[in-house]
Amino acid sequence: MIPGLHKFLMPEIVYGQGSLHLAGRHAGNFGASRVLVVTDGGVINAGWCAKIEASLRAANIAYARFSDISENPKDHEVMAGAAVYRQENCDLILAVGGGSPMDGAKGIGVVVGNNRHILDVEGVDRVTKPGPPLIFIPTTAGSSADVSQFAIISDTTRQVKIAIISKMVIPDIALVDPETTVTMPPALTAATGMDALCHAFEAFVSSAAFALTDMAALKSVALISKNLIGAYQHPDDLVYRNNMMMASLMAGMAFSNASLGLVHAMAHSLGGAKDLPHGECNALLLERVVHFNFSSAPDKYAQLAQAMGIDTRGLSDAVIAGALSEKIAWLRQQVGITFGLKEMGVQLEDLPGFSRTAGMDPCLATNPRKATLAEIEAIFRGAYQMTAKGEVPREKMPPAPSEPPAPSEKKGQQGVPTISDTESSSPLEQKREQFLGFSLQATRKSYYPQLQEQLNALRESEKRLRLLTDNLPARISYVDARLYYRFVNHAYEKVFGLPREKIVGHRMQDIVGPENYAKIETFVHRALAGMQTHFEMAVRNDAGQQIWLEVNFVPYVGANGRIVGFYDLTRDVTKRKQVEEELRRLRNYLSNIIDSMPSVIIGVDNDGKVTQWNRQAEQVTGLNAEKAHAQPLAKVFPNLKSEMNRIKMSIRDRRVLKELKVPRYNQDEPRFEDLTIFPLVTNGVEGAVIRVDDVTERVRLEEMMVQSEKMLSVGGLAAGMAHEINNPLAGILQNTSVLINRLSGDLPANHKAAEAAGTTMAAINQYLKLRKLPDMLENIRTSGSLAATIVKNMLSFARKSESLVSNQDLGPLLDQTLELLKTDYNMKKHYDFKQIQIIREYDQAVGPVPCEASKLQQVFMNILKNGAEAMTEMDQPSAPPTFVLRVQDDDTWVRVEIEDNGPGMDEKTRRRIFEPFFTTKPVGKGTGLGLSVSYFIVTEDHKGEMRVHTVEGGGTCFVVRLPKPHYK
């Protein structure tokens, strides 16, 4: 099936040994002047932080360092880092370390970019504004925070981990250098490696997974399975380290776009409450969650098993589930994670609370199986009761630092000078004085009369401009490069319900509000970059009603040739939008009506070019409306090419033209169409609407009705003829019997009459024998009996059906049908049945079948006539025409086979043989209804089966199966 919409997000990635030395170059590309380096003590001690800071110094970029980040970054640590960012006037964040420094750096960026507390943005897409640029350099192979849209922060008040999921926290650049992982201690290598394995597993089985995430996740699992133990045992081996770093990167790309599941939901609850190492929590839970989830995604888990090196061929789901869980446990133990939750300080009484917290985690939304709180607690208990065998001692993480004091509020900026229409000591005049270098008092004393005259003219011009703009309906304002309003007209005041002095001199963000400014921010930046922008947006007025505005931002170039601000020209287009929406609704309504019609509806203009093309036209031509629009009708609908003159005539004469039952051929199959042309004149534009209706079925139904009437008439004539023949035939047979009795019977009356005539019965008999009269009389009687049988069959077959079901032996019914066919004039004329060899293979053990005898005779007659025609029309038959008739017992059915040795039929014909009106005969020789009617009689009237197949060596075999009495 075709999949739904998906989104794949990832940062720019520079991968390879030595990429960390590019930190200064990339910070410079962002125009950074001061960078906040976010890291932790372990990375500082390993020496990586010093190398990155050297790169910044080489690029002449200042930096400040923030390293108060613990293993699970906490809310107060993020807020402290944001305070440092502001105090140091930084403009870029560079994180170097594992998941903790990188998640902490994401949180800091969110806080400074949105001016909100980090806990206020918990959840999905709660971050509304981008923060400063982020450059991440991972030093562990597991967290994948360098490529993901996740940030996990500990809420120290509630003792839970919160997930912040937003594209705003995806780093701008990830410098991924596998060499940075060689300083990881074995325990950290194990924990982060198992964390990456969990990322890949949960992303692959996630309900939000798709092709791109699946490829990355599977490759990650394969790399981790082959390289984690090597990296754990040989930490200096860059091959293992490189493969693990690549696995972490690919797992990150997978889960960042497909999300996670139950393992991470449970691990977050453990880490938030007990401050436990995230990777080890994941490692202890993974095998149990796999066992729990397996039945909901068996095919996907089988692929994961194969990626881990398990040969799943021929294995049941249960066996694969067990093998996969054991393989995960084995890998975990090989890297020293052999303890349970109990050894990590978890108490049994903690588990119900952990389960409730996990049940609210957003990662649970994409788990393949819904988990109840009781099921989650059961998984926790399994991880709690693990036996600690060969546990590798783990270094204690340093205690979390005490919460720093809240950062001081940053003072707002002072207002900027404004344009005012006051006469005395206006800000405009004061600013001019600063530019000109003398006081207003001096100017008024006319020390510079020419300048005073220019100022007066400028003042007058400003008044005229104000009068003009205040009387325009459009909202007009001028905003400087620092986004302060310098001018607004009266209409602009009404937008926000504020007087001019409350707008001018204030920042645009403060006047329009955060929500509206977020909608226009991109256009503002474009205007300040020198691009004129035009857009429409919906806002709420003071009454809470939605209104639509058409906005134009026109850049303003100052005397120095630089952009110093832009004009905002805004119109209220709500009424136009309402009219457009109503027109769109009516257009859609009309279009839906036209598209729902079974007819082909095509509109054309006066030049014969398409203006309307409904869905039925698309289906008939295979051409969508977009491609057909404005194309010549004859080009996109060739069947109507011959109608172009009539279309023009209809437009010219403004009258409706109709043409009924127009024959068309579709792949040699005749079709019939009704064509109607409606002239159309709208707004002075001429054209036509063409309606094409496929009436093939109606025409064929009419033909069928005519044929049915003919058959009824023929049946009536046949019945009448049979009745008329029956009476004289009875007289002939009766008189023939009397003649035989009187001429050759040894009756007293015969002897007496012979003596009276002067002869004896012996003499008469001798005469009769000599003249062979007894044979002649016997022939008369035999022929009469045969004729009587024929009449009886004709009466039976022609009798009007009353759906009378009776038990019939199918063998005799076949024979009776053959006798009828032998007397068929048309059959004698072209395909004499007496010349066809009949082989009967009737199983005498087969009993009678309940059926309508006349209808079954019709079925047998149609099959036999078609077979006879086929055999007779063969050019060079290899054997005499032969029918093999079989009646056999077939379990709960009685099976009738009618097999001929004719030319057989190809597969295309065989598939369509029972379709109404399908025929291989020339026009006028067949209706194509016989076998379709026969199929209906067998399957619908008798609840049986009918099929046909080609006989090996040539010929065709029709098979009719009828249910036995007690199975019907």
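In which sense do S4 and strand S6 (residues 134–138) pair, and over how many bridges? Select both strands to see: S4 and S6 run in the parallel sense, joined by five bridges. The model on screen is a predicted one.

**Stop 1**

Now show the side chains of S4 itself, residues 92–97. In a regular strand, side chains alternate between the two faces of the sheet. On one side of S4 are Leu92, Leu94 and Val96, and on the other are Ile93, Ala95 and Gly97. Six of the six residues in S4 are buried.

**Stop 2: helices H6 and H8**

Select residues 186–205 for helix H6 and residues 238–258 for helix H8. Two packed helices are described by the angle between their axes and the distance between the axes. For H6 and H8, the axes come within 8 Å and cross at roughly 40°. The crossing is left-handed.

To view the contact, display Thr189, Gly193, Ala196, His199, Ala200 and Ala203 in H6. They meet a set of residues in H8 that includes Arg241, Met244, Ser248 and Phe255. Sorted by class, the contact holds eight nonpolar residues, four polar ones and one charged one.

**Stop 3: the five-stranded sheet**

Move on to the open sheet of five strands, ordered S11-S10-S14-S13-S12 with antiparallel pairing. Select strand S11 (485–488) and strand S12 (533–540) to find its edges. Each has a single partner strand, so one side of each has no neighbour in the sheet. From one strand to the next, the twist averages 25°.

Within this sheet, select S13 (residues 546–557) and S14 (residues 563–572), an antiparallel pair joined by nine bridges. Valine 557 is opposite isoleucine 563 in S14.

Two helices complete the view. Helix H20 (residues 514–528) packs on the sheet and touches strand S10 (475–480), S12, S13 and S14. The direction of H20 makes about 165° with that of S12. Helix H21 (residues 574–596) also packs on the sheet, touching S12, S13 and S14. The direction of H21 makes about 125° with that of S13.

Key
Residues numbered from 1 in each chain as written. Predicted model: local features only at pLDDT ≥ 70, side-chain atom pairs only at ≥ 80, totals over all residues. Heavy atoms only, no water. Pairing = 2+ DSSP bridges. Helix = DSSP H or I, 4+ residues; strand = E, 2+ residues; numbered from the N terminus. Axes fitted to C-alpha atoms, helices over the stretch in contact; angles between N-to-C directions. Contact = heavy atoms within 4.5 Å. Left-handed = near helix turned anticlockwise from the far one by under 90°. Nonpolar A, V, L, I, M, F, W, Y, C, P; charged D, E, K, R; others polar. Buried < 20%, exposed > 50% of the residue type's maximum accessible area, 1.4 Å probe, protein only.
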